[in-house]
Amino acid sequence: MTSLAGPRLTPGRYIRHPDDSSTYWQDGHTLDAGSGQVFDSNINWLVEQSCRHLAMDTFAEPGPMVNLNSVAETWANLSGWDVPEAPVFSASGPDDRTIRVGEISWERPFAHCCGPFVLIADRIVTDNVGASLRDVVVEIDYVRDTAPASELWLYAALSGSDSPPDVVAPWAFARKRVSSGTGQQQYPLTLSVNHALDAYADGATLVSRPAAGNAQVMVQCVVGYLWVAFVSVKLNPTDTPENYVYAINAYEVR
Amino acid sequence: MPSPVPTSPAPLPRPSRLQVGSPISAGNAGQRWSSDLAFLLGHCVQPIVACALPPGAKSGSHEIAITYVRGPAVQVLVLSLELHPRATFSTGVYGTCNVNVQVNGVNASFVGRANGLDGSEALQIPRFGYRRPRPIRAYLDVSGLTVGNTSTVTLQFTDVDSSEGIGSVSLSECPIAVASPVTDPTGEVGIDGDWPVGGNPLWDGGASDPSGFPRLVSQLGKARNKVRRHVQLVTLQDTSYCWSTTATSSGALNWRLGSGGSGTQDPVFTIRPRRLYTVNDANNYKVHYWYRTNAAHDGELTFHTDNGSTPAADTTASLGASTSWVRDSVSVDIPTDADTCTVRVRGRTLTAGGVLYLAGICFVEDEV
């Protein structure tokens, strides 16, 4: 079992039943256990299927990324944009996110921060006690230029802060170096938080109601931010490859 | 008695006394149902939109329209937007703008401070050179919207002095901490927490009661077809910055992703369907789109779905000519026999010389 969703009847699906206006539910008798099993299974099935779509985005700015190993040249054609720090890649070595989040400067326009999102911790993690956040898949639709040759580096991070991931350590981080394949492709970066969250350290407060009435105005929840970035690298200093990230879609999975 | 809304499914033991032919126990089965339905309806709320917007609207005014279908428990939306930064500020250039938020054409009702998003204050745009986003955040009261109806949240931007437009927007439903079905059975979600406690009888009740089997079934139904995923992308309702096509044969649009915002691109969007029934039953969506045309030229949009399993399919929507921005919709089925489904949005104008403009697409679940 990978989530806190309870057991479902086989085969797993929502089992159709009479709606709430049916006299079947209002005959003055107790509910039989067979109907109870259907209720139970259906609720658990809806919990199991309750993963959500978080973001749909494009990189409408700045268009293609070219010539990144000559930073000043790269950005000179982006009217008005500041010149970002040059990336320092670590293609080999340990897969240490504290190192690799620092490879790029997470500056606009090649980095986006989406959110805030209300996140849900109902995925069972095996290396700790308790539940952790649902995984987030960031599906990146990109175009890699191969004539001339180039590389595309894709980055994503899930964080409890909207500070850049190299400033505040994210909960999860993933990257992909695209050095093969040509044309338009898609690649999923999976962000997995493999530790149980600290309800005190990772919580946030949002407004939930316009007025108190008989309920609380504020709600405690886990709020997260999604960072997505990409960097294009030409392999020959004299080339001018053009790489694009067209679309980003982020959704929850378990 | 208000019922707490848990932030995750109930870690309660599975029901152990569901023996077919016997009356059901009021013990942990009822508690699990009450708790998990409260979670599904009250805490597992939906992000509505989260996307960046193109720079360029340096003067004048424009609008950004966000489509929203209210969930059953939602009272408040959290809106977070950034303004595009500016590289240089000179003497007498302040970089300010106004942003006013409307819901269904009426100025929005804010919970707490509007933080300038009611258009009452000139907002200062940030300067280049920062990395952490500088969002302006406010909470919108949507408790008066009818659950399930399609609404519009509009961001009205007006330049005051050398500003650069809205840079990004995020809108999300806020969860609730507690539900009060006893005091407001019609407006509140969930089940009276007293009902399933062990020792109390599980009675059937009536349709308007806060407990009982009809209530249980109605809340189960809301969790199935009134909690709706939104998959949305918006841009400026401005013909200089929105997506467009002049082609008379259906194809890729100019999504403004190419050099200088020119050319055509064919982005692939990915949706992970919610499989409710069998793999042969699609996840029903309705896609809402904001469009206009340049003159009396009709247009057409095509939504191409492909999950690599079910044969790829096109859903075509006919767009009547309109020189003002309008919203329309068409039903699109997302197949469920694969984990994900890709969607491409293509279009054309039906007449040579026509231009079709598009400023927003929003896939909203539409289960019945």
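A cavity is a set of grid points where a 1.4 Å probe fits but cannot get out.

**Figure 1. The largest cavity of this predicted model.** Welcome to the inside of the structure, where the largest cavity has a volume of about 300 Å³. Searching the whole structure turns up eight cavities of 30 Å³ or more. Rolling a probe the size of a water molecule over the atoms shows where empty space is left.

**Figure 2. The residues around the largest cavity.** Here you can look at the lining, which is made up of 28 residues. Those nearest the centre of the cavity are Arg108(A), Cys113(A), Glu82(B), Pro133(B) and Ser168(B). Two or more lining residues come from each of these elements: β2 (111–119) and β10 (218–234) in chain A, and β2 (47–52), β4 (76–83) and β11 (166–173) in chain B. The biggest share belongs to β2(A), which gives five residues. Sorted by class, the lining of the largest cavity holds 14 nonpolar, six polar and eight charged residues.

**Figure 3. The second largest cavity.** Next comes a space of about 100 Å³. Its lining counts 13 residues, and Gln49(A), Ser50(A), Gln46(B), Val227(B) and Arg274(B) are the ones nearest the centre. Six residues of this lining are nonpolar, three are polar and four are charged.

**Figure 4. Glu300(B) and its surroundings.** Glu300(B) counts as buried because its relative accessibility is 15%, and buried means under 20%. Beyond its neighbours within four places in sequence, Glu300(B) is in contact with Thr316(B), Ala317(B) and Leu319(B), and also with Arg346(B), Gly347(B), Arg348(B), Leu350(B) and Leu356(B).

Figure 5. Among chain B contacts between residues at least 6 apart in sequence, 78% join residues at least 24 apart. The accessible surface of chain B is about 12800 Å², with 46% belonging to carbon and sulfur atoms.

**Figure 6. Confidence in the predicted model.** Finally, a word on how to read these views. The model scores ipTM 0.94 and pTM 0.93. For chain B, the mean pLDDT is 90, and 90% of the residues reach 70 or more. Where pLDDT is low, the predicted coordinates should not be read in detail.

Terms used
Residues are numbered from 1 along each chain as its sequence is written. Chains are lettered from A and ligands numbered from 1 in the order in which they are written. This is a predicted model: local features need pLDDT of at least 70, side-chain atom pairs count only at pLDDT 80 or more; totals for chains, interfaces and linings use all residues. Side-chain values use heavy atoms; hydrogens and water are left out. On a 1 Å grid over the protein atoms alone, a cavity is a set of points where a 1.4 Å probe fits but cannot get out, and a pocket is an open set with protein on both sides within 12 Å along at least five of seven lines; lining residues have an atom within 4 Å of a point. Grid points are joined across faces, edges and corners, and a volume is the space filled by probe spheres set on the points. Helices (H or I, at least four residues) and strands (E, at least two) are DSSP runs, numbered from the N terminus. Ala, Val, Leu, Ile, Met, Phe, Trp, Tyr, Cys and Pro count as nonpolar, Asp, Glu, Lys and Arg as charged, and the others, Gly among them, as polar. Contact means heavy atoms within 4.5 Å. Accessible areas come from the Shrake-Rupley method with a 1.4 Å probe; for residues, only the protein chains shown count as cover. pLDDT is the predictor's confidence in each residue, from 0 to 100. Buried means under 20% relative accessible area, exposed over 50%, partly exposed in between (1.4 Å probe, protein chains only).
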